[in-house]
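Thanks for coming. I have one structure to go through today, and I will keep to a few places in it. Please have the sequence and the model open.

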Amino acid sequence: MGTWEDLRENDHRLTRRVASWRSPAARRVLPAVEEAAQHTKLWWGAAFVMATAGGWRGRRAAAAGVAAMAVAELVSNGVGKQLWDRRRPPKEWIPHEEVHDRPDSSSFPSGHTAAAVGFTAAVAGVWPSAGALCAVPAVMVACERVHTGAHYPSDVAVGALIGLTAAALTHRAPRLAVRAALS
């Protein structure tokens, strides 16, 4: 078997394994995480708390997080999903009721994960302790996307890479703009 076929088979195997988690805690917590992450409500809420309660550092972290989240969503949903039309994992692989509540858009890449990781990584670059707190729900969002059959693990991994790249770009953007203005 070739490398791509091996990766694909492992992606499918891991999808079935994560989707079959029978933990009562996962069944209670992951749907709540998914609901909070819909339309980036979770990250906007975190940004609001940081901006209002975190002083100058909180406002800066919130702005960085929101900017990185916007870039990550633009790249993942506005570009990635338009370029790659990948079907969601088959419903037969998902042994619970959440399988019926999946988007119709392309599975690749995970926009939820891109937004979560972009926000979290950008916040961590400004305010590491707040970024560490945001990392917990960000990881839960990534797991939830596979558990409910909305994505394959590779969709989530690429979404995370997009989020990290968006955070790095938004972190460097002000310095690059100043450098360009002074040139």
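Buried, in what follows, means under 20% relative accessible area, exposed means over 50%, and partly exposed is in between. The model is predicted, so please take every value as computed from that prediction.

How many aromatic pairs does a search of the whole structure find? Three. Another of them joins Trp93 and Tyr152: the ring centres are 6.2 Å apart and the planes are at 80°, so this pair is edge-to-face. Trp93 is in the loop between H4 and H5, while Tyr152 is in the loop between H6 and helix H7, residues 153-182, so here the parts tied together are 59 residues apart in sequence. Tyr152 has a relative accessible area of 7%, so it is buried.

Back to Phe108, for its peptide bond to Pro109. That bond is cis, with omega near -10°. Pro109 is also in the loop between H4 and H5. Is Pro109 buried or exposed? Its relative accessibility is 1%, so Pro109 counts as buried. Leaving out residues up to four places away in sequence, Pro109 touches Ser76, Gly80, Lys81, His151, Asp155, Val158, Gly159 and Ile162. Ile94 is 15 residues from Pro109 along the chain, and their C-alpha atoms are separated by 19 Å.

What about accessibility? His39 is at 68% and therefore counts as exposed, whereas Thr40, at 7%, counts as buried.

H2, residues 24-37, packs against H6, residues 128-147, at an angle of about 105°, and the axes are 9 Å apart. Angles from 65 to 115 degrees count as roughly perpendicular, so that is the description for H2 and H6. On the H2 side the contact uses Arg27, Val29, Leu30, Val33, Glu34 and Ala37, and on the H6 side Pro137, Met140, Val141, Glu144, Arg145 and His147. By class, that contact has seven nonpolar residues, four charged and one polar.

In soluble globular proteins, nonpolar side chains tend to be buried together. Here the largest nonpolar core has 22 residues, and those with the most contacts inside it are Trp43, Met50, Phe119, Val123 and Val141. At least two residues of this core come from each of H2, H3 (41-53), H4 (55-83), H5 (111-126) and H6. Take Phe119 as the example: setting aside neighbours within four places in sequence, Phe119 is in contact with Trp43, Ala46, Ala47, Met50, Gly65, Val66, Met69 and Cys134.

That is all I have. Questions are welcome.

Note on methods. Residues are numbered from 1 along each chain as its sequence is written. This is a predicted model: local features need pLDDT of at least 70, side-chain atom pairs count only at pLDDT 80 or more; totals for chains, interfaces and linings use all residues. Side-chain values use heavy atoms; hydrogens and water are left out. Axes are lines fitted to C-alpha atoms, for helices over the stretch in contact, and angles run from 0 to 180 degrees between N-to-C directions. Helices (H or I, at least four residues) and strands (E, at least two) are DSSP runs, numbered from the N terminus. Angles under 35 degrees count as roughly parallel, over 145 as roughly antiparallel, 65 to 115 as roughly perpendicular and the rest as oblique. Contact means heavy atoms within 4.5 Å. Ala, Val, Leu, Ile, Met, Phe, Trp, Tyr, Cys and Pro count as nonpolar, Asp, Glu, Lys and Arg as charged, and the others, Gly among them, as polar. A nonpolar core is a set of buried Ala, Val, Leu, Ile, Met, Phe, Trp, Tyr and Cys residues joined through side-chain atoms within 4.5 Å. Buried means under 20% relative accessible area, exposed over 50%, partly exposed in between (1.4 Å probe, protein chains only). Rings of Phe, Tyr and Trp (its six-membered ring) pair if their centres lie within 6.5 Å; planes under 30 degrees apart count as stacked, over 60 as edge-to-face and the rest as tilted.
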